[in-house]
Amino acid sequence: RNRGGSGRNDREIAAFDELSRTWDNDYRITRAKAIAGRIRRDVPFAASDSILEFGCGTGLVSFNLLDLGASFTLVDGSPGMSAVVAEKIRQSQTGKVTVITGDLLSGQLPDGGFDVLFCSMALHHVVDLDAYGRKFHRLLATGGRLCIVDLTEDDGTFHRDEPDFRGHNGFDPQKLSSRFAGLGFDPVSREVPYSLFILVMRKA
């Protein structure tokens, strides 16, 4: 079942709850800074933007982007990950960030309420891409930007040590772009550096 804010199944959520305690290691911190840098470069932001991160984990990417928008809503299905984000909000004393634990499909967020929606290394955990793609489309204002940073297709090696993984072994960016075009998004840019890609789209 995909009940988490990041589309993860129940066993994955439990595993991420456990991992949340040590998630922010040097590798992930460095990777998040690099991903945030690419998002800065490729996604147009306005200071008034309302920004949503789907499958936020411990918020590593968003906390590198806080200067780019007026408000950030971070969503994840793992209570453990969300608790780490809540502690970061408390320590930073930022009033710009809200964290939500739960299912993005539940309808608790306003349709058309966001100018930018991004996800980093989260979409490949989603089984029903169309359901979440349609939800992304509803949540974005007209002209809103969707940015996906994720794995390029592999043979399952990346998740070989995760027996409860039921998602996708990465994506072909061209096929993913075409799939989301069918859900109402116009491609803006697409790049495939190394084993990650960044795909930016706009709500038509």
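Colleague: Which elements of the protein have the lowest and the highest mean pLDDT?

Modeller: Helix α1 (residues 10-19) has the lowest, 83, and strand β1 (residues 50-54) the highest, 98. pLDDT is the predictor's confidence in each residue, from 0 to 100. This is a predicted model, where local features need pLDDT of at least 70 and side-chain atom pairs count only at 80 or more, while totals for chains, interfaces and linings use all residues. Residues are numbered from 1 along each chain as its sequence is written, and side-chain values use heavy atoms, leaving out hydrogens and water.

Colleague: What is the mean pLDDT of the protein?

Modeller: The mean is 88, and 87% of the residues reach 70 or more.

Colleague: What makes a stretch a helix or a strand?

Modeller: Helices are DSSP runs of H or I with at least four residues, strands runs of E with at least two, numbered from the N terminus. The protein has 5 helices and 7 strands.

Colleague: Which residues does C147 touch, leaving aside its neighbours within four places in sequence?

Modeller: Contact means heavy atoms within 4.5 Å, and C147 has such contacts with I39, V43, L117, F118, C119, I198, L199 and V200.
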